[in-house]
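Here is a short briefing to read alongside the structure. Take a look first, and then we will go through it topic by topic.

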Amino acid sequence: GETVHMVVSAVTREWARLAPLSTGRKKQSSEEAGEDEKEEDRRLKRLRHTVISWLSATCPDYDTLHCCPIESHLPVLVPMLIQALEESDPDLAWQAQGCAELAANTPLHRANGVLSKVLEAMHTVAQSSSWQVRSAVLPFLQVIVYRHQFLISPESMREIQGLMIELLSDSQVEVREMASSSVAVLVRICGESLALELLGSFTGWSQEPLLVRGSGDEDPSAAAARSKALQTRHAGVLGLAALIAAYPYDMPSWMPGVLVRLAKFVSDPNPIRTTIKKAFGEFWRTHQDTWPMLKEKFTDDQLFSLTNLLASPAYFS
């Protein structure tokens with residue numbers, strides 16, 4: 001009612017005042033901060049705890065109530081919750097994570113526009129300068145998309161897909177890896193048509209040539225170009241790995257070719273090498289019981305390329 005609206009408005013105003021100030025002081029040590037600044041940080045921490053406690057108490061578990069009492073205010077409160085995941089206090093960050101999962105599982109209704117507004121808010125939060133916040137958006141989207149997959153409009157689903165793919169090319173490797181997991185979930189939900197749609201883009205990215213560092217000092221522009229090339233190639237490899245992860249116990253007709261392509265990157269520098277190792281380790285874990293039947297879907301050349309890699313348990317240890 002009106003009281004809830006007043007409380008949310010007051011919390012929003014205080015959050016808008018304190019959060020930018022705290023972000024601007026991230027690089028300051030505690031000794032450099034004045035007493036007033038420390039008090040503002042404490043106020044922000046208390047405010048975050050209030051939001052977490054409030055949402056935990058009012059967002060129902062998806063097996064119980066069917067209408068959240070503060071549903072109409074979630075587009076404002078959920079971004080605060082996601083931003084709280086960058087909290088330096090591990091206990092508070094852990095509480096925020098649990099509350100975010102609960103909020104994502106809260107039944108939302110398409111008719112009143114709340115679901116679309118929450119999804120729009122996630123696009124804004126995903127532009128945060130904090131990689132922890134950008135990364136936190138992705139598991140929230142995984143849950144809310146799975147929970148509301150029959151309510152989300154095709155336009156909103158397309159926007160979610162675009163955001164996940166955008167974060168697959170993020171400058172921070174942790175965000176890219178989380179985006180890969182999210183793309184796998186999205187493909188499971190949307191089906192093979194999406195996998196085939198994304199396959200071409202991911203393959204193209206994975207073919208990005210890696211730049212070799214020359215001898216002597218490297219100027220900043222050359223270093224940036226080399227880093228960007230590695231980042232793009234890694235995004236492509238993560239995308240292809242996501243397509244494989246989307247089918248843990250199946251073997252679509254296009255998968256053998258993707259596996260062979262990924263195997264070619266096994267000697268690439270990290271983080272690509274690590275991604276390849278994880279992808280093949282997970283593939284072998286989920287497919288080894290049915291491998292005698294599945295290998296019939298490979299050509300002799302494809303099997304020759306993969307057999308040594310897949311038959312070596314030490315590679316995955």
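A crossing of two helices is called right-handed if the near helix is turned clockwise from the far one by less than a right angle, and left-handed if anticlockwise. The protein has 15 helices and zero strands.

**How H3 and H5 pack**
- Two packed helices are described by the angle between their axes and the distance between the axes.
- For helix H3 (residues 74–83) and helix H5 (residues 114–125), the axes come within 9 Å and cross at roughly 35 degrees.
- The crossing of H3 and H5 is right-handed.
- On the H3 side, the contact involves Leu74, Pro75, Val78, Pro79, Ile82 and Gln83, which meet Val114, Lys117, Val118, Ala121, Met122 and Val125 of H5.
- Ten residues of this contact are nonpolar, one is polar and one is charged.

**The core**
- Buried residues account for 45% of the protein's 317 residues.
- The largest nonpolar core holds 92 residues, and Leu55, Ile82, Met122, Phe140, Ile144, Val187 and Leu262 have the most contacts inside it.
- Beyond its neighbours within four places in sequence, Leu55 touches Ile70, Leu74, Leu77, Leu81, Cys99 and Leu102.

**Confidence**
- Mean pLDDT for the protein is 86, with 89% of residues at 70 or more.
- Residues 313–317 have pLDDT below 50, although this stretch has eleven contacts in the model beyond near neighbours in sequence.
- Where pLDDT is low, the predicted coordinates should not be read in detail.

Note on methods. Residues numbered from 1 in each chain as written. Predicted model: local features only at pLDDT ≥ 70, side-chain atom pairs only at ≥ 80, totals over all residues. Heavy atoms only, no water. Axes fitted to C-alpha atoms, helices over the stretch in contact; angles between N-to-C directions. Helix = DSSP H or I, 4+ residues; strand = E, 2+ residues; numbered from the N terminus. Contact = heavy atoms within 4.5 Å. Nonpolar A, V, L, I, M, F, W, Y, C, P; charged D, E, K, R; others polar. pLDDT = per-residue confidence, 0-100. Core = buried A, V, L, I, M, F, W, Y, C linked by side-chain atoms within 4.5 Å. Buried < 20%, exposed > 50% of the residue type's maximum accessible area, 1.4 Å probe, protein only.
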